[in-house]
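Hi everyone, thanks for coming. Let's take a look at the structure together, starting with an interface and ending with a single residue.

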Amino acid sequence: MLPLFYIFGAVAILAALGVILQETPVYSALSLIVVLCSLAVVYLLLGAEFLAVIQVIVYAGAIMVLFVLVIMLLNARRETTSDRSRMARWLGAPLLVAFFGQFAYAVWKHFSGWEAVHTPATGPQKIGEVLFRSYALPFELTSILILVAILGAVVLAKKEI
Amino acid sequence: MALVPLNHILALSVILFGLGAAGFIIRRNIITIFMCIELMLNAVNLAFIGFSRYLGDVDGQIFVFFVIVVAAAEAAVGLAIIIAVERNRKTLAIDEMNSMKL
Amino acid sequence: MGTSSEPVVLTLIVLAKVVVVLVVLLTCIAYAVWLERKVVARIQSRWGPTLVGPFGLLQPLADGLKFLFKEEIRPREVDRFVYHLAPFVAFTMAFASIAVIPFGESITIAGHKIVFQITDLNVGLLFVLAVTSLGVYGIVLAGWSSNSKFPLFGGLRSSAQMISYEISLGLALVAVVLIAGSLSLREIVEQQRGLWNIFRQPLGFLLYFTAAIAETNRTPFDLPEAESELVGGFHTEYSSFKFAMFFMAEYANMVTVSCLATLMFFGGWLGPVFGPPALQALLPVVWFSLKIFCFLFVYIWIRGTLPRFRYDQLMSFGWKVLLPVALVNVLATSLVLAWRAS
């Protein structure tokens with residue numbers, strides 16, 4: 001289990017670096033797809049099989065398709081480097097690593113040694129039971145949210161309203 | 001069947017979130033910035049699922065479900081806005097979008 | 001998976017299964033091409049391949065050799081990485097879904113019980129849908145990276161068509177899942193021992209098959225591929241082996257969709273089983289293969305018979321007709337199930 005986590009965690013981090021460092025937007029989008037799929041594998045390792053597959057279907061298979069199609073539609077080119085100050089670049093990266101590295105280390109220390117509460121695996125049935133009973137109201141509200149999003153997207157992207 | 005320790009999961013989540021935040025700040029292309037937002041959302045999802053497993057509560061996974069749905073709606077509307085903005089300003093660089101006046 | 005407790009034996013069994021399934025699938029694809037050419041030719045009152053081998057049966061071999069030896073034309077202005085990546089993505093995703101398809105019951109060899117399925121996920125159906133969703137990338141990336149008008153439009157149209165019909169595909173399958181109460185492919189087939197789902201879900205089957213033809217970009221939904229019929233849509237700029245990969249990916253998708261249709265609606269491998277234990281283990285696989293063959297034949301028959309949809313007709317059909325009917329189907333199924341349970 002653990003070696004698989006290390007492998008896919010490393011893939012996720014490398015691909016995330018790819019997202020933020022690549023100059024072409026299409027390559028960033030492809031790297032983000034790799035991040036999403038490797039996170040889906042990590043969810044599987046944690047026993048969330050339904051969410052892992054939902055992540056691939058919805059996030060990597062639909063939302064990212066939307067991103068890629070918009071990038072192609074807008075013909076997004078390579079970024080031109082802006083004239084930022086050199087100090088910001090040379091000072092920024094190490095400070096960033098230091099800040100988030102310290103954060104990660106603090107989290108690591110604080111949560112080390114936690115034991116998992118022993119529960120049976122959560123399949124789609126368990127999720128369905130909780131989703132449609134305790135969380136029925138938020139579920140219905142998300143359907144309204146999606147309707148609003150569809151209407152908004154159609155209106156905003158039209159050439160003439 | 002050894003489970004992945006919680007601190008590993010959370011450390012990965014923090015690192016991914018940090019990378020997403022860094023990308024959000026340093027990138028110039030508005031679509032890439034949007035993708036870094038999605039990266040941050042995914043880092044948070046990972047933390048939710050880690051805690052859901054360790055606390056034995058399926059509510060964490062339900063929340064991830066809702067986060068994914070909201071991210072989908074947000075991506076749809078956000079990309080539509082980006083298309084509209086690009087049509088007016090003919091550029092995708094955020095440095096050029098620093099005033100409300102066209 | 002075998003009932004032995006040694007992980008090495010388990011791994012070997014799984015690897016052997018993977019090799020066998022891939023070899024059989026590749027052969028099946030090669031001969032699906034032959035079948036298509038023969039059947040379409042007969043529908044059009046001509047012979048089809050007859051020269052290479054008896055009845056043209058060695059034609060796929062000749063075609064394969066041709067693809068391997070053809071010169072690979074690499075256009076200069078393409079986006080290198082994505083241009084080379086796209087056919088592999090299409091090919092991999094087309095073949096990945098075969099991992100959860102069950103072909104039969106099980107066979108006992110040398111004391112190990114080997115199930116005719118590479119792995120049985122209890123979200124197996126969602127896995128197939130996930131892999132189908134990822135298959136869109138092969139096409140859209142191929143169209144974009146070719147850096148040319150026709151492939152770009154073909155790619156965009158094709159991917160828009162695929163993601164539109166994915167929804168109706170999923171909804172048609174949701175009704176089946178409601179009846180079966182499980183997402184595992186093996187359990188859905190087991191539930192059909194009494195009555196095949198085609199009799200419980202006739203509308204669902206029609207919806208599924210229509211959406212599946214659109215998903216696999218086949219006639220009558222293949223306008224993105226056959227634009228102007230001179231230029232090949234998203235795979236215009238590809239030649240030789242990469243084109244062959246797109247081709248194989250399309251036929252593999254057809255086979256996967258046929259497998260899913262038999263599993264969901266036609267009882268999978270269920271059929272009369274008789275004879276000694278070895279025959280009893282192999283007969284379900286034979287029934288399964290026969291049903292797949294029937295579906296491939298229907299696919300090819302439809303291709304030879306129906307004219308093509310125009311693109312706007314295609315999209316409006318998918319969103320304005322198929323999606324509402326699929327939703328009504330799910331609603332009706334759940335109402336009937338709830339009424340029966342009360």
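Here, 69 residues of chain B are in contact with 75 residues of chain A, contact meaning heavy atoms within 4.5 Å. Please keep in mind that this is a predicted model, where local features need pLDDT of at least 70 and side-chain atom pairs count only at pLDDT 80 or more, while totals for chains, interfaces and linings use all residues. Residues are numbered from 1 along each chain as its sequence is written, chains are lettered from A in the order in which they are written, and side-chain values use heavy atoms, leaving out hydrogens and water.

How much area do chain B and chain A bury between them? About 6,600 Å², with 79% of it on carbon and sulfur atoms; buried area is the accessible area (1.4 Å probe) that two parts lose on being put together, summed over both. On chain B, the elements that give two or more residues to the side touching chain A are helices H1 (6-26), H2 (30-55) and H3 (59-89). H3(B) gives the most, with 23 residues. Helices here are DSSP runs (H or I, at least four residues), numbered from the N terminus.

Now to chain C, where Lys38(C) sits in helix H1 (residues 7-43). Lys38(C) is buried, that is, under 20% relative accessible area (1.4 Å probe, protein chains only). Among the residues Lys38(C) touches, leaving aside those up to four places away in sequence, are Gly48(C), Pro49(C) and Phe55(C). Its side chain also reaches the backbone oxygen of Trp47(C) at 3.5 Å.

Terms used:
Buried < 20%, exposed > 50% of the residue type's maximum accessible area, 1.4 Å probe, protein only. Lys, Arg positive; Asp, Glu negative; His and termini not counted. Salt bridge = Lys/Arg side-chain N within 4 Å of Asp/Glu carboxyl O. Polar contact = N/O pair within 3.5 Å; in protein donor to acceptor, adjacent residues only side chain to side chain.
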